[in-house]
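Here's a quick tour for anyone opening this one up for the first time. Have a look at the picture, then read on.

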Amino acid sequence: MKLSQFKFKLPEEQIALQPTYHRDECRLMILHRKSNKIDMYKTDENGEPLKDEEGNPVFLDFRNVLEHFDEGDTFVFNDTKVFPARLFGTKEKTDAKIEVFLLRELNEEMRLWDVLVEPARKIRIGNKLFFDESGTMVAEVIDNTTSRGRTLRFLYDCPHDEFKRELFALGEAPLPRYIVEHRGATQEDMDDFQCIYAKNEGAVTAPASGLHFSREMMKRMEIIGINFAYITLHCALGNFHDIEVEDLTKHKMDSEQMFINAEACELVNKTKKEGRHICAVGTSVLKATETAVGTDGLLKEYEGWTNKFIFPPYDVTLADTMIANFYHPYSTLLMSTAAFGGYDLVMEAYDLAVKNGYRFGCYGDAMLILND
């Protein structure tokens, strides 16, 4: 596939800058990948579109997902937890304002962190950055890693738990650049930009498809008898990088850390052997499960890293259904969705989404891809 095949015109007003009031009330589009059908509207018992008071058809919402699953089916969730990765500091002597984006902790004892800085041209080895008015949270630049990447050593002498607590108290939700270019992050974003089942800290962006699940909806899933399997993939910024090659086979993804335990494998594999549905909640789950699936088609325990890049054509081995958001043009997330649902069907769905005012991005609307 070529990069140019994932071009489409996305009106700026359809990029979601805020979440819906309730997590589970975004619009839903349903794709049927075998019959090549697309559903957007709620219907009555006769299959006729329901109409609102003004006579317009009523769009499906995310809660309609549950109409397509039964007892014994399994949803696979990514339980990574987002931390407040975006900080603002000042450079010593000049007081220049510097954005520091925490990527990951490299050494707990030495307080070493891999970060991105902006504007990078002002930050050199040996510079010190101050992050609070009291001057207690200070970091020294000790290495250049990429054009914008730096290694910082935080000069903060206290127990590690206290250091992390104080550091994160200075940070804000790591919303994507396409949101913060229009508005600042709020305290509410630390809740909104976090899945309700998030558990294992390490992500610098949220697994967006999981943001739609509310506690009420998951309780309904429990009542139905749907199983929950949890894997961990710490979502990094690689999915937001520009692809600089036309031939997608030449694009290299950043590595992301992932963990799949025996409990998740046992539940998923039991579901597969029983011929029930396995639903991958998001492209991060698709990437993780396709990284760890064996030649026998079953999920294996895994602890390590993955830089797997899924794009069409691709034969998915494990999950037979998938939930995704609507993503930006040229996005690797769009490519992974198209690999699962089929390029032609997914791009047709995107065309319909643009024409019908669907919202795009991490706070946007959702898509359910069924294997029927």
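Let's start with the sheet: nine strands form an open sheet with mixed pairing, in the order S2-S1-S17-S16-S14-S3-S12-S13-S15. Keep in mind that this is a predicted model. From the sheet we'll move to the helix packed on it, then the cores, the charged pairs and the cysteines.

**The sheet**

- The edges belong to S2 and strand S15 (302-306); each has a single partner strand, so one side of each has no neighbour in the sheet.
- On average, neighbouring strands here are turned by 20 degrees against each other, if you ignore direction.
- Zoom in on S3 and strand S14 (residues 278-281): the two run parallel and are joined by three bridges.
- Phenylalanine 75 sits opposite cysteine 279 in S14.

**Helix H6**

- H6 packs on the sheet, where it touches S3, strand S12 (227-233), strand S13 (256-260), S14, S15 and strand S16 (321-325).
- The direction of H6 makes about 70 degrees with that of S13.
- Why is helix H6 (residues 283-292) largely enclosed by the rest of the structure? Nine of its 10 residues are buried, so there's the reason.
- Among those buried residues of H6 are Thr283, Lys287, Glu290 and Ala292.

**The nonpolar cores**

- As background, nonpolar side chains in soluble globular proteins tend to be buried together.
- The largest nonpolar core has 96 residues, and the members touching the most others are Val65, Phe75, Phe213 and Met221.
- Which helix gives the most to this core? That's helix H8 (residues 343-355), with seven residues.
- If you skip the neighbours within four places in sequence, valine 65 is in contact with Leu28, Phe75, Met217, Ile323 and Leu368.
- There's also a second, separate core of 27 residues, and Trp113, Phe131, Phe154 and Phe163 are included in it.

**Charged pairs**

- Side chains of opposite charge can pair when their charged atoms come close.
- The count of salt bridges comes to 16.
- One of them joins arginine 63 and aspartate 24, at 3.7 Å from N to O.
- That pair links distant parts of the chain, 39 residues apart: arginine 63 lies in the loop between strand S2 (37-39) and strand S3 (74-78), while aspartate 24 is in the segment before strand S1 (28-32).
- Arginine 63 counts as partly exposed at 31% relative accessibility, whereas aspartate 24 is buried at 7%.
- Those two residues also belong to a network of salt bridges that links Asp24, Lys42, Asp61 and Arg63.
- Aspartate 189 and arginine 183 form a salt bridge too, with their closest N and O atoms 2.9 Å apart.
- Are aspartate 189 and arginine 183 buried or exposed? Both are buried.
- Glutamate 274 meets lysine 270 in a salt bridge at 2.8 Å, N to O.
- Here glutamate 274 is partly exposed with a relative accessible area of 45%, and lysine 270 is partly exposed at 49%.

**Cysteines**

- How many disulfides are there? The count is zero.
- Take cysteine 235: the closest cysteine sulfur is the one in cysteine 195, and at 8.3 Å that's too far for a bond.
- Cysteine 235 is buried, with a relative accessible area of 6%.
- Cysteine 158 is buried as well, with a relative accessible area of 14%.

Key:
Residues numbered from 1 in each chain as written. Predicted model: local features only at pLDDT ≥ 70, side-chain atom pairs only at ≥ 80, totals over all residues. Heavy atoms only, no water. Buried < 20%, exposed > 50% of the residue type's maximum accessible area, 1.4 Å probe, protein only. Helix = DSSP H or I, 4+ residues; strand = E, 2+ residues; numbered from the N terminus. Salt bridge = Lys/Arg side-chain N within 4 Å of Asp/Glu carboxyl O. Disulfide = S-S within 2.5 Å. Core = buried A, V, L, I, M, F, W, Y, C linked by side-chain atoms within 4.5 Å. Contact = heavy atoms within 4.5 Å. Pairing = 2+ DSSP bridges. Axes fitted to C-alpha atoms, helices over the stretch in contact; angles between N-to-C directions.
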